[in-house]
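Student: I would like a close look at one part of this model, followed by an account of what surrounds it. Please give the cut-off behind each term as you go.

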Amino acid sequence: MPDPVTLAADLGGTRIKLGVVRAGMVLAQTAIDAQSRGGLAPKLGEIESTFRELCRQANVDPRHLTGIGMAFPSLIDPATRLIRSTNDKYPDARGFDLPGWARRTFDLPIAVENDANAALAGEWQYGAGRGSRSCVIMTLGTGVGTSAVIDGVPLRGQHGQAGCLGGHFIINAFGRKCTCGGTGCVETEASNWAIPAIAREHPGFAASRLAVVATIDYAAIFTLAAEGDPVAVELRDRSIRVWSAAAVNLVHAYDPEVVILTGGIMKSPEPTISMMQTFIDDHAWVGWGRVRVVKGELADAAALLGVSYLAAT
């Protein structure tokens, strides 16, 4: 019997990554603009047409597909696989009948999974977590996502949110207000959506080259920090310390062998990985040895491969 072929989607805040997957291999993939604040429903027509084009490119007959896997930036009901809660992205998605959409458009079943859970499943099975029984992931991008595998079992919890809310660990009880309603969450202290406001509030901002860049994001901050801009250096190092504190919390909560870092910030992995490794070595209470900090190996394919794996298991 040939290996099953699935459609896979990773719905991010900025981009929607789409692919056709077979046996841990992405046969064809692309990305479209998410416009996530405009909702999920307006994007479904484009998702369908893009899936059909990818099948054509991969020489796959849609009639031979076995299912759809969709990774979503939200909390997913573990029993029904329906979207339970969203945060500032795809506001119409809660309770949306994705199984009905999948049946109408492709006559296929659909599995819906939290995006960080999907990314970790991909790295665990096919990437930087191969061979590990317990590992965690941090996706550093528009926001901060996390997930955990413990003793070879992806963590879910009673209501589907165990492990995947590390971006909303409160690390500063007197910090900035977060979109989730919390205060001082990891995301609101260090993420691409939060960093423009943080930068502009810095007392040295007006004298920094950040004041004249077209877009204030981590790409600009890391570039200018490498060139010696003092404000950029301070913002970069502050953010890495925030992520490192979150990683220590993950280590204490889930006892992993490895912390896998993915997301847009990992396009330039240093000095993030080395600084986080040092922080964890210095601050995590680990009696058995050393938790390794590594870059994910699968880049944009991680969640596509992961959600395809989870859809088939």
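Student: Which helix holds both glutamate 48 and arginine 52, and how many residues apart do they lie?

Tutor: Both residues belong to helix α1, which spans residues 41–57, and they lie four residues apart, about one turn of the helix; helices here are DSSP runs of H or I with at least four residues, strands are runs of E with at least two, and both are numbered from the N terminus. This is a predicted model, in which local features need pLDDT of at least 70 and side-chain atom pairs count only at pLDDT 80 or more, while totals for chains, interfaces and linings use all residues. Residues are numbered from 1 along each chain as its sequence is written, and side-chain values use heavy atoms, with hydrogens and water left out.

The two residues form a salt bridge whose closest N and O atoms are 3.3 Å apart, the term meaning a side-chain nitrogen of Lys or Arg within 4 Å of a carboxyl oxygen of Asp or Glu. Glutamate 48 is partly exposed at 23% relative accessible area, as is arginine 52 at 34%; buried means under 20%, exposed over 50%, and partly exposed in between, with a 1.4 Å probe and protein chains only.

Arginine 130 reaches glutamate 297 with closest N and O atoms 3.2 Å apart. Since arginine 130 sits in the loop between α3 and β8 and glutamate 297 in the loop between β12 and α9, the pair ties together parts that are 167 residues apart in sequence. Arginine 130 is itself partly exposed, at 48%. Arginine 176 bridges to glutamate 201, with 2.7 Å between the closest N and O atoms, and because these residues lie in the β10–α4 loop and the α5–α6 loop, that pair ties together parts 25 residues apart in sequence. Arginine 176 is partly exposed at 23%, whereas glutamate 201 is exposed at 55%.

Leaving aside neighbours within four places in sequence, the contacts of threonine 188 (heavy atoms within 4.5 Å) include Arg176, Lys177 and Trp193. A polar atom of the threonine 188 side chain lies 2.9 Å from the backbone oxygen of lysine 177.

The strands β8 and β12, which flank two of the loops named above, belong to an open, mixed sheet of five strands in the order β10-β9-β8-β11-β12; two strands pair if DSSP finds at least two bridges between them. With β10 and β12 at the edges, each has a single partner strand, so one side of each is left without a neighbour in the sheet. The parallel pairing of β8 with β11 runs over five bridges, and valine 136 has valine 259 in β11 as its bridge partner. Likewise, β11 (residues 258–262) and β12 (residues 292–295) pair in the parallel sense over four bridges, with valine 258 opposite arginine 292.

Definitions and conventions. Polar contact = N/O pair within 3.5 Å; in protein donor to acceptor, adjacent residues only side chain to side chain.
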